[in-house]
There are 4 protein chains.
Amino acid sequence: MVNVGILGATGMVGQRFIELLADHPEFEITALSASKRSAGKRYEDAATWYLDSKIPENVKDILVVDTDPSEVKGVEIVFSALPADIAAVVEPKFAEKHIVASNASAMRMEPDVPLVIPEVNPEHLDLVEMQQKNRGWDGFVVTNPNCSTIALVMTLKPLYDQFDIKRVYVSTMQAVSGAGYDGVPSMAIIDNLVPFIGEEEDKVETEPPYILGDLEEGVVTPAQFKVSASCHRVAVLDGHTEAVFIEMGDNFEIDYVKKVLRNFKGLPQKLELYSAPKNPVIVREEENRPQPRMDRNEENGMSVVVGRVRKDTVFDDNIKYVLVGHNTIRGAAGASILNAELINEIL
Amino acid sequence: MVNVGILGATGMVGQRFIELLADHPEFEITALSASKRSAGKRYEDAATWYLDSKIPENVKDILVVDTDPSEVKGVEIVFSALPADIAAVVEPKFAEKHIVASNASAMRMEPDVPLVIPEVNPEHLDLVEMQQKNRGWDGFVVTNPNCSTIALVMTLKPLYDQFDIKRVYVSTMQAVSGAGYDGVPSMAIIDNLVPFIGEEEDKVETEPPYILGDLEEGVVTPAQFKVSASCHRVAVLDGHTEAVFIEMGDNFEIDYVKKVLRNFKGLPQKLELYSAPKNPVIVREEENRPQPRMDRNEENGMSVVVGRVRKDTVFDDNIKYVLVGHNTIRGAAGASILNAELINEIL
Amino acid sequence: MVNVGILGATGMVGQRFIELLADHPEFEITALSASKRSAGKRYEDAATWYLDSKIPENVKDILVVDTDPSEVKGVEIVFSALPADIAAVVEPKFAEKHIVASNASAMRMEPDVPLVIPEVNPEHLDLVEMQQKNRGWDGFVVTNPNCSTIALVMTLKPLYDQFDIKRVYVSTMQAVSGAGYDGVPSMAIIDNLVPFIGEEEDKVETEPPYILGDLEEGVVTPAQFKVSASCHRVAVLDGHTEAVFIEMGDNFEIDYVKKVLRNFKGLPQKLELYSAPKNPVIVREEENRPQPRMDRNEENGMSVVVGRVRKDTVFDDNIKYVLVGHNTIRGAAGASILNAELINEIL
Amino acid sequence: MVNVGILGATGMVGQRFIELLADHPEFEITALSASKRSAGKRYEDAATWYLDSKIPENVKDILVVDTDPSEVKGVEIVFSALPADIAAVVEPKFAEKHIVASNASAMRMEPDVPLVIPEVNPEHLDLVEMQQKNRGWDGFVVTNPNCSTIALVMTLKPLYDQFDIKRVYVSTMQAVSGAGYDGVPSMAIIDNLVPFIGEEEDKVETEPPYILGDLEEGVVTPAQFKVSASCHRVAVLDGHTEAVFIEMGDNFEIDYVKKVLRNFKGLPQKLELYSAPKNPVIVREEENRPQPRMDRNEENGMSVVVGRVRKDTVFDDNIKYVLVGHNTIRGAAGASILNAELINEIL
């Protein structure tokens with residue numbers, strides 16, 4: 001068993017880390033950090049547990065410590081659920097000696113930090129060596145993309161491998177949990193939606209071509225297609241829904257498109273990593289699916305569910321579909337954990 | 001005062017007709033029709049009033065009649081809130097002697113039936129003459145577009161007049177009232193959304209180029225641009241929100257785009273029609289607007305509110321924005337009434 | 001294994017029966033009935049699956065039959081999720097040869113039909129013998145109470161055994177699933193609540209004293225206390241919440257009251273029945289619990305979660321608390337199944 | 001016109017004060033205070049406007065000042081929408097020279113501070129004289145009760161005048177706006193309810209007998225009946241719903257009870273105060289009313305709507321009913337304004 005710590009363990013994503021790691025066969029939670037206010041308390045006393053599941057027994061009594069390498073002791077890997085501004089300061093300190101599997105956005109676009117979805121671009125982990133050399137660290141940081149990006153790219157990857165993607169338009173309908181427990185007041189979302197999420201569109205536009213880019217001689221050259229996003233918050237607890245329009249350079253048979261999506265497997269499936277879904281992408285045929293409440297928990301929340309895959313009747317060369325991905329599992333804690341499982345297996 | 005009747009007066013849109021016509025200076029409700037089950041009852045007894053406003057006093061005692069020209073007596077104009085299949089049968093019968101201002105989809109795409117938004121294509125009313133000649137009717141049918149189409153086209157019209165629009169992508173987040181009072185079960189939409197609305201995408205794709213098309217020698221030639229839509233139902237009572245991506249053929253200054261939207265006025269504004277909003281399109285600058293609950297009632301629900309008007313940072317020639325329009329007012333009953341006001345003024 | 005059938009298998013409660021019986025160690029689903037419209041179809045084709053779980057594989061291919069004893073073949077027990085009016089006609093027919101474990105209200109108050117919560121009044125099953133004699137049936141009907149009643153009575157039983165209960169006031173906040181999938185339109189409940197549920201208050205008032213009554217010489221004498229209810233529908237998917245005020249005839253220590261609730265065990269716990277929760281009543285100490293979304297699934301939805309157990313500061317002799325019970329599991333399908341498990345064990 | 005100021009003008013209740021006073025015939029808003037963070041800014045820049053209505057033109061440019069008598073200049077009356085802890089410190093300072101019409105709970109139960117609902121106990125204003133004498137103030141403080149209390153007491157008053165009320169049980173279903181804009185996270189209330197509101201039950205239990213008490217020789221003797229409350233938060237934007245059970249000492253005819261409620265008029269109706277509703281209590285006969293979304297805005301949100309008025313079928317001497325009152329209008333800002341109108345008229 002590898003001892004692991006969770007940085008920012010009391011928030012929404014921190015709690016998902018705990019839930020997903022509670023019975024993990026390779027990783028054992030031995031340290032939890034949070035803000036100074038919580039430090040020194042038993043986890044059960046420090047955190048208000050927000051999830052439907054119960055707070056795991058083996059975590060209740062862990063004493064929460066300050067988010068500092070001198071306090072988070074005896075762990076090999078730290079999972080980071082920190083806010084971006086704190087992550088920017090703290091993650092490099094931890095990386096001196098630890099593997100940092102981060103869900104924070106702070107270091108995602110640094111040229112020597114891998115931004116990885118294990119099914120999509122595991123080869124970007126090669127940046128680790130350069131990162132350690134550049135920075136003189138014994139440990140390193142590996143990041144996963146933004147929640148909306150992950151679900152989108154998991155569907156783009158199999159298409160990108162088979163077809164010429166020219167342009168992607170994506171309109172998201174995102175769950176309130178993405179903003180943290182207190183992020184969206186009920187006054188803002190009952191009988192309403194909010195057509196804006198800070199910095200989200202930039203992430204959804206920037207990250208996908210980078211993730212699908214080629215790593216050569218230590219430099220990632222982004223893929224040629226581009227993504228334009230419009231991001232919106234809706235009255236859903238968990239599960240981001242995205243309407244995707246793709247301008248293709250090729251002719252295609254829609255049944256073949258579905259087959260390509262359905263058959264998509266990546267390295268985690270090959271290696272049978274513990275958190276890897278059997279089917280990274282599930283394609284449904286019902287006209288009114290995917291729906292966030294009905295589909296977000298597919299394969300423990302680690303699959304992306306796609307539906308309404310159709311040839312655009314207006315623009316012949318276009319594909320349209322709708323996807324749902326669980327934002328705090330596949331899109332956050334689960335993503336970091338799968339990264340760590342892959343690292344644990346291959347590095 | 002012109003005596004008017006409302007066909008399908010007990011449903012959601014029927015009730016909006018009643019609400020909007022209750023104090024109308026030109027039209028007086030003198031007849032209400034509904035299904036046979038309701039015929040013979042006082043309106044107050046036949047209908048469960050769904051709106052926040054009160055059922056108007058002058059309507060309570062009107063006896064509901066069957067939806068047939070022999071029963072709907074003494075009126076010049078009928079407003080149709082009928083389902084499409086019934087409208088297809090009944091509206092032609094009424095048109096023999098009446099002006100039919102219809103919100104139903106049944107006859108929208110008939111080549112001799114005007115599909116009109118008064119601010120956008122009032123000249124299409126010229127089809128009326130041909131319609132009467134073709135069909136030997138003393139009356140005629142004029143239709144308004146689908147709710148999502150109306151809000152979209154009201155924003156496209158001023159842009160289309162100034163710029164070269166090539167492609168439009170629109171992703172909608174539509175209110176539950178659009179499906180009628182019983183249309184969306186609460187079990188389907190609490191903590192959820194439904195990424196499908198029957199026949200909606202086809203309407204949103206087909207109608208806009210037709211409405212913006214040129215009428216010459218009795219034939220509408222659709223505008224050259226095309227629209228691709230993805231339509232979704234969200235937990236909002238009233239007010240459709242649409243995320244719009246436009247591929248433009250021209251360079252543009254985004255401030256000029258906003259100015260063009262803001263300054264848009266049409267014939268109803270010139271004629272100062274009773275239900276015409278002063279500003280058909282309202283542009284907001286806040287980063288998190290428009291929101292359906294906050295913006296749907298602008299100018300009594302007859303304006304479309306646009307926000308987040310921005311140059312696409314990825315695709316330089318693209319415009320992106322979000323709009324909100326009240327689906328049962330501007331997108332349904334109010335649209336038919338404005339059509340009738342225009343007809344009353346100019347025909 | 002006992003072969004069982006489910007009557008009314010396509011509705012909300014019917015689906016819960018299927019979900020709960022899919023992996024049952026004693027009962028095997030071999031027949032499913034529904035309305036004529038569904039008869040002859042594979043279950044997967046006949047039903048729109050509403051639950052978050054997946055439709056069980058072993059049920060998908062069962063051919064749905066008409067709800068008639070001549071069609072529902074080869075089963076010993078039938079579970080009834082029928083509407084009351086249909087149940088009134090059909091359940092007696094099935095009872096000629098089958099054990100009918102019914103969630104319907106039709107026969108609950110018949111003097112020779114047991115109305116049973118296994119933890120509370122298993123001795124009422126003695127009515128079965130009289131029922132069979134009276135009616136000349138080889139089978140019999142056993143019913144479970146209304147969903148709101150069950151959760152309430154499970155908390156009243158341990159108190160009733162220890163204290164003198166004089167009056168109970170209960171105000172419910174009930175989930176929309178209780179009305180069936182289409183029962184509550186979203187237009188009725190978004191930003192709203194409905195302070196009325198047809199016939200519900202009568203059930204909640206009539207059933208508890210009857211269930212807690214003594215069965216002597218074939219007659220149930222209701223308990224002496226009475227219940228007054230006010231029932232309301234709120235925007236919650238599953239889980240009924242009830243605010244309970246009890247006027248007591250005794251002095252009491254509130255800690256002892258909590259202990260009595262916590263320690264409550266019944267015959268199903270003693271017999272270790274498969275669906276029996278370890279703790280029929282769970283008492284929480286947080287000031288803001290129980291909450292339906294957080295607590296409805298305790299012990300697979302078979303426990304009732306109680307919180308805010310407090311001495312009334314105004315009326316010294318009163319107890320106040322709030323409870324949550326899963327309405328379609330503990331309050332419906334799970335209740336019938338636990339009845340059947342008890343019957344299977346002891347009759 | 002009387003110049004008035006609003007203390008705490010940027011919050012939910014502060015905004016309701018502004019909305020309700022914008023076109024007031026007697027009061028003119030000339031000063032607005034808020035926290036130091038907002039002081040010095042134009043109101044439009046300091047506040048995020050939360051209401052569906054528009055921010056009034058005549059208020060946009062008012063410079064927000066610090067909440068201190070030395071800053072809030074040139075006003076005769078101040079309306080207080082301050083949090084209780086700040087109100088406790090600040091309101092006495094303002095009362096040295098101003099009339100303070102307060103919605104805060106801080107001073108409600110002080111023996112020389114009137115706690116007034118103008119329709120119910122206007123005679124309690126006689127405490128003002130004593131208050132001024134006791135404290136040496138030129139101004140004074142008058143308070144209105146808690147939002148849930150006001151709606152409840154408005155229905156109890158006419159009953160109390162005609163009947164012998166012995167005990168009242170009330171179970172509330174309260175709107176999220178009562179907690180302020182950020183008070184209830186959407187994660188807490190979607191598909192959920194929260195059965196607890198801090199300090200609410202104590203207010204609902206303590207205030208009603210006090211308000212209905214007799215003021216004699218400077219001392220209020222509470223009415224003899226008592227109230228026991230259980231308070232819950234539900235997913236409703238505005239409008240508190242309360243289920244009321246009353247144990248009566250008398251026989252009564254339920255039709256007479258309704259008549260008494262319907263005919264209730266108080267001093268504000270007699271004096272035709274500007275904000276006074278024509279009917280303080282509206283009684284509806286539909287079985288499923290009142291509903292918060294449908295009924296909260298009756299008479300500009302100043303009436304309480306009562307429905308399901310019924311004789312308890314279980315406890316013969318009991319009355320049961322459900323009420324809805326607008327919590328931030330009748331239950332907060334509107335209540336303070338009506339107090340000020342009454343003072344302006346009679347003191």
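Reader: How far apart do the C-alpha centres of domain 1 and domain 2 of chain A lie?

Author: Domain bounds come from an automatic or database domain assignment. Here that gives domain 1 (2-146 + 333-346) and domain 2 (147-326) of chain A, and their C-alpha centres lie 24 Å apart. Keep in mind that this is a predicted model, where local features need pLDDT of at least 70, side-chain atom pairs count only at pLDDT 80 or more, and totals for chains, interfaces and linings use all residues. As for names, residues are numbered from 1 along each chain as its sequence is written, while chains are lettered from A and ligands numbered from 1 in the order in which they are written.

Reader: How many residues of the two domains of chain A are in contact?

Author: Two residues are in contact if their C-beta atoms, placed from the backbone, lie within 7 Å. By that test, 32 residues of domain 1 of chain A are in contact with 32 residues of domain 2 of chain A. On the domain 1 side, α5 (127-135) and α12 (329-346) of chain A are the elements that give two or more residues. Helices (H or I, at least four residues) and strands (E, at least two) are DSSP runs, numbered from the N terminus. The largest share of that side, seven residues, comes from α12(A).

Reader: And how does that side of domain 1 of chain A divide by class?

Author: For the classes, Ala, Val, Leu, Ile, Met, Phe, Trp, Tyr, Cys and Pro count as nonpolar, Asp, Glu, Lys and Arg as charged, and the others, Gly among them, as polar. The side of domain 1 that touches domain 2 in chain A has 17 nonpolar, eight polar and seven charged residues.

Reader: Zooming out, what does the secondary structure of chain A come to, and why is chain A called as compact as a globular protein of that length?

Author: Chain A has twelve helices and 14 strands. The radius of gyration is taken over C-alpha atoms, and the globule rule is 2.2 Å times the number of residues to the power 0.38. Chain A comes out at 19 Å, close to the 20 Å that the rule gives for 347 residues, so it is as compact as a globular protein of that length. Its C-alpha atoms fill a box of roughly 60 × 50 × 35 Å along the principal axes. Among contacts in chain A between residues at least 6 apart in sequence, 73% join residues at least 24 apart.

Reader: What share of chain A counts as buried?

Author: A residue is buried if 20 or more other C-beta atoms lie within 10 Å of its own, exposed if 12 or fewer, and partly exposed in between, with C-beta atoms placed from the backbone. In chain A, 61% of the 347 residues count as buried.

Reader: Is Asn144(B) buried or exposed?

Author: Asn144(B) counts as buried, with 31 C-beta neighbours inside 10 Å. Its place is in the loop between β6 (140-143) and α6 (147-162) of chain B. Leaving out residues up to four places away in sequence, Asn144(B) touches several residues, including Asn103(B), Ala335(B) and Asn339(B).

Reader: What about Leu127(D), buried or exposed?

Author: Leu127(D) is buried, with 24 other C-beta atoms within 10 Å. You'll find Leu127(D) in helix α5 (residues 127-135) of chain D. Beyond four places in sequence, Leu127(D) touches Asp112(D), Val113(D), Pro114(D) and Leu215(D).

Reader: Where does helix α12 of chain D bend?

Author: The bend at a residue is the angle between axes fitted to the seven residues ending there and the seven starting there. Helix α12 (residues 329-346) of chain D bends by about 45° at Ala335(D). That helix, α12(D), is mostly covered, with 15 of its 18 residues buried.

Reader: Which strands of chain D pair with β7(D), and in what sense?

Author: Two strands pair if DSSP finds at least two bridges between them. β7(D) and β11 (residues 240-248) of chain D pair in the antiparallel sense over eight bridges, with Ile165(D) opposite Met248(D). β7(D) and β10 (residues 226-233) of chain D pair in the parallel sense, over eight bridges, and there Ser171(D) has Ser230(D) as its bridge partner. Nine of the ten residues of β7(D) are buried.

Reader: Last one: how many residues of chain B are in contact with chain A?

Author: 36 residues of chain B are in contact with 37 residues of chain A. β10(B) gives the largest share of the chain B side, five residues.
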